[in-house]
Amino acid sequence: MAVPGYVLKHRRTTFERAEKFISSTFFTDVNLYGKLYPLRTDIKGIKHRALPGLITRHSAVTFEEAIKGIYEETRVGASFGPTWATHWFRLDIEIPREWGLGKQVVLVWDSGSEAMIWRDGKPLQGLSPDNKRTEFVLTKSLDENAFSHTLYIEMECSDVFGAGKGGLINPPDPNKYYTLRRADIVVKDPEIYQLLLDFEVLLDLIKHLPEESNRSYQLLYGVNEMVTTCQSQSNYSRARDIAHTLLSETNSQSQHTLCAVGHCHIDTAWLWPYEETKRKCARSWSSTVRLMKDFPEFIFACSQAQQFDWVKVNYPSLYADIKDYVRQQRFIPVGGTWVEMDGNIPSGEAFIRQFLYGQRFFEQEFGKRCTEFWLPDTFGYSAQLPQIMKHAGIARFVTQKLSWNLVNKFPHHTFWWQGLDGSRVLTHFPPGDSYGMDGKVEEVMRSLNNFKDKGRSNHSMYLFGYGDGGQGPTTDMLERLTRLKNVDGIPKVTMCSPETFFSTVETHEAENLCSWTGELYLELHNGTYTTHSRLKQQNRRAEILLRQFELLSTLSHVVGEGGGRKTDYPAGKIEQLWKIVLLNQFHDVLPGTSIQEVCEEAGRLYEDVLREGSVLLADSANQLIDTLTPQGGCTEHGTARIINTCSWQRSEVICWPEVTLADRLIEMAGVTTQAGRDGKTLVFVSDIPSVGHCELRPAVKLPVPVTVQKQGDDLICIRNGHIEAAVDKTGRVVRLCMVNDVSRNVVSVGSHANQFVIFDDVPLFWDAWDVMDYHLETRTAVVDIIEEATIVESGPLRATIKTSLRISDKSTICQYMSLDTGAKYLKFYTEVDWHESHKFLKVEFPLRITSPQVTYEIQFGHVQRPNHFNTSWDWARFEVCGHKWADLSEYDWGVAVLNDSHYGWSCIDSVLRLSLLRSSKSPDPTADMGKHKFTYGLMPHSGTFQSAGVIQAAYELNEPLVCCGQCADHSSTAASYFSIDNSAVILETVKKAENCNSVILRLYEVYGGTTTVRVKTSFKVTSAHLCSGLEDSLDGAIEIEDGNCLVLHFSPFQIMSVKLTLGTTTPN
Ligand SMILES: [Zn+2]
């Protein structure tokens, strides 16, 4: 019977008629959805393993262990917990014979929690009711052999986003129990399923195409005909034919193309611990692999070598399947890094190690490196990343996080991102503004509508699949996208790899694209530079400790080889420690935005690195000194030695560590000492050679001794040969001058530098993440004195003033402000006992400097940012990230603030503030609570910060000289293994090459200028080549003078890696 064409079709009723026809809620007794599952039955005899003592938090066991032991019967309605525990179930499924052959039979399991299906020891598929994944296909077509199934289910007692009590980012409920809501088998009609998807996609098209469009009405009438055909004739294949015809109306050539890439962003830890992430990977990736069998065009991108490594170790059968799909170029490793790290806080070397260890893993496992850097969810991107990426051999970058900007809309989706040194990488932000889309028409259209580079580019990426907590693409998503390949009126959707997408853009569109220079600042989450300050301090220390350990191990290895006393280079240990640090640099761990359990575990891991690293550093130092000692050693003539791991000569006051022979050695050396306030001995050491060492020896010329005295009732004055300062009773600096120009006070008139200030810190939602602009309106100065400024050390090597302040009735500050002889800056050793809630502690320095911009150190360089709020882009950056120093300078004069562990800064109208502690309560209610010890410095200078040595001073504050008090022979010889004739270049890294016996040097230009330097080494240089950050040889010979001096030409902020083959030591 023909559908009467004359019936008036009201748009809304026609549309809603079809909507109700596929509703899973309304009219299911008669509608199409009601026919999807024609048969169902409970699973009988569900068995649960309830071994006392086995099922506890994080008690994940292997499949082999899990299937042993006694299983007891349980039922739907029973509850299991607590949070993070795993429970195992055994299902012996018998499909009723009366269902008949040929049916598709599906297991439905909803334990309210995450779960994994296992069979014969293999993980088959993840289940996640949060992400509507509760079905597992037992058989697509029931045959005689498929009536019986034995499966195991590993139930994980958490939601896909952990177990926040009463809200997503709330601290987890440790005692959450999950109820088994459903466990049955059903017949699922595949034809009805396909037709439901047809309806859904067509209805979405009608909804999102312009209402007045011709196309929208054509589809509406077509869908109406489908409903009528199904209802009046039960002719589903005819309805499918109509759908097919409607969806086969294609676009013209000019239509935009979306490159659809499946993925499942899995946070390596966040609202769940690292341990749980291993299982998340298995659940998500097993589901993905299963989908690949059904959808031959499906392509899935996957980042983070660490997660691959976990799956390799814990789920070998799944890993074998993944390897297979990697070979087929469908499961595509992307990113090239060990984890998706924070983009602001890690050091430059740490960034390089992310790529070095990440790409080495991908190459070893899959025979191929990743071709694009992948960081969709990180909170801002350092201006140095383009160069670091290129140094690691990658010139393409994918993220989308800048769509979270609170104030300004980023003007591009496909563009050239130009870094600090001018390096350009092709960068793409998927314009759907999400990395977790689900194949809906609305997202496809949004992707095109948002796309900012129309006219320049006709391609963009579309990332689909459930993310953050993992799980990834689903059958529904893939079915939808299959229907949207080329539908008139909306962008074309093609499954393709990121590689294909970038190649297309590079080939056809690259020349049209605009560029963006400098950092990609995220106008949100800028509290993450400060939250969990202790983790950031541990991270800084670990990065520096590993630098020193690696450098000394390399030197002792090379010296040992030359001198015949070989030492083993601890390559495995170095890699192991680095990988722990890299893991903790994940973009919710180092930023301090994870739950308490994660932060505590990360803290323990850092502590392990620092403890083990310190022992290893001491060992490598001793080994290096040992190589100087003739075979057989010496017994009587001990010397104390100081090792300098920086690439310039150092002179400073050090606190001699408690080592054997220390006192005797110091006495023997005849150096000037001072008893320090903590019982240790202060010593002035001078002219310690660059990347080298010398024995403890009296200074040829002692600098002007430091003096300290009261001035009237209210001030204490402190002075050395470089600077003088006046401090009030509150410990604030009211005057700070260079001694050669005492008329010029760098502290603003009537103001106080080193003023602690506290702000209300209540963000809109993302507690640990965000500090909002309005916090600046709530400044309160900390001026409540517990113990007024008192002189506690009086020189000649160090003078110190102690002050104690009360922040509130819960929190206090105790500070020791020191000036050393020869030092160019004041040092503030600070102890804070912090127990606040939603308060933000900073220390501020109002400076008498006129400049529109402030300079902040970043990885391998520095950036300038505004000292004002002129435009929306300026004031959106009211809190910024900087590393070891920041500087405010005018012509020939300036002030720098140095620090040993902080990253949050702000500067408006020449008031420079260093952010110290926050007190967010979600997701970790204990974040930043308790005792903290940190140090910062205040350094006035003439000239520029470059010429004044600010950069070197900041290194020295962070990187202690290494003292050896052991018995070594002799020799008053000083050794300098590497030295550079120009302070514009810093030798950042000395390591042994990964694949050969060569030595890798990593240097960078630090001033921001073009320069030629000579790097002299005490070893004979057999060969020298430029290499990449991955240690691949690059073109371009290096000029060598006199057999031991490299001539290197640097452009501004250039990072250079050099591979050296070294011979024996040559005399200095
Ligand atoms: Zn993330």
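This report walks through selected local features of a predicted model, from charge pairs to backbone geometry.

The model is predicted, so local features need pLDDT of at least 70 and side-chain atom pairs count only at pLDDT 80 or more, while totals for chains, interfaces and linings use all residues. Residues are numbered from 1 along each chain as its sequence is written, and side-chain values use heavy atoms, with hydrogens and water left out.

**Salt bridges**

The structure holds 66 salt bridges. A salt bridge here is a side-chain nitrogen of Lys or Arg within 4 Å of a carboxyl oxygen of Asp or Glu. Side chains of opposite charge can pair when their charged atoms come close.

| Arg-360 | Glu-994 | 3.8 Å |

Arg-360 and Glu-994 form a salt bridge. Arg-360 lies in helix H9 and Glu-994 in the loop between strand E50 (985-992) and strand E51 (999-1005), so this pair ties together parts that are 634 residues apart in sequence. Helices (H or I, at least four residues) and strands (E, at least two) are DSSP runs, numbered from the N terminus. Glu-994 is partly exposed, at 23% relative accessible area.

Lys-931 sits in strand E46 (residues 930-942) and Asp-833 in strand E37 (residues 826-834), so the bridge ties together parts that are 98 residues apart in sequence. Lys-931 is exposed, with a relative accessible area of 64%.

Arg-1014 is partly exposed at 31% relative accessibility. Glu-1041 is partly exposed at 24%.

Elsewhere, salt bridges form a network that links Glu-114, Glu-156, Glu-276, Arg-279 and Arg-283.

**A buried glutamate**

Glu-372 is in the loop between helix H9 (348-366) and strand E16 (373-374). Glu-372 is buried yet has no salt bridge. The nearest side chain of opposite charge, Arg-396, is 4.5 Å away. For charge, Lys and Arg count as positive and Asp and Glu as negative; His and the chain ends are not counted. Not counting residues up to four places away in sequence, Glu-372 touches residues including Pro-333, Arg-396, Pro-498 and Phe-502. Contact means heavy atoms within 4.5 Å.

**Packing of helices and a strand residue**

In helix H12 (residues 475-483), the buried residues are Met-477, Leu-478, Glu-479, Arg-480, Leu-481 and Arg-483. Their cover includes helix H3 (190-208), helix H5 (236-247) and strand E20 (459-464).

In helix H7 (residues 305-314), the buried residues are Ala-305, Gln-306, Gln-307, Phe-308, Trp-310 and Val-311. They pack against elements including helix H8 (316-327), H9 and helix H15 (571-584).

Leu-463 is found in strand E20. Leu-463 counts as buried at 1% relative accessibility. Its C-alpha atom is 9.1 Å from that of Ala-301, 162 residues apart along the chain.

**Backbone geometry**

Most residues other than glycine have a negative phi, and most peptide bonds are trans. A cis peptide bond joins Gly-81 and Pro-82, with omega about -5 degrees. Pro-82 lies in the loop between strand E4 (79-80) and strand E5 (86-94). Another cis peptide bond joins Ser-922 and Pro-923, with omega about 0 degrees.

Phe-27 is not glycine, yet its phi is positive, near 55 degrees. Phe-27 is exposed, with a relative accessible area of 53%. Glu-1031 also has a positive phi, near 75 degrees. Glu-1031 counts as buried at 8% relative accessibility.

Terms used: Buried means under 20% relative accessible area, exposed over 50%, partly exposed in between (1.4 Å probe, protein chains only).
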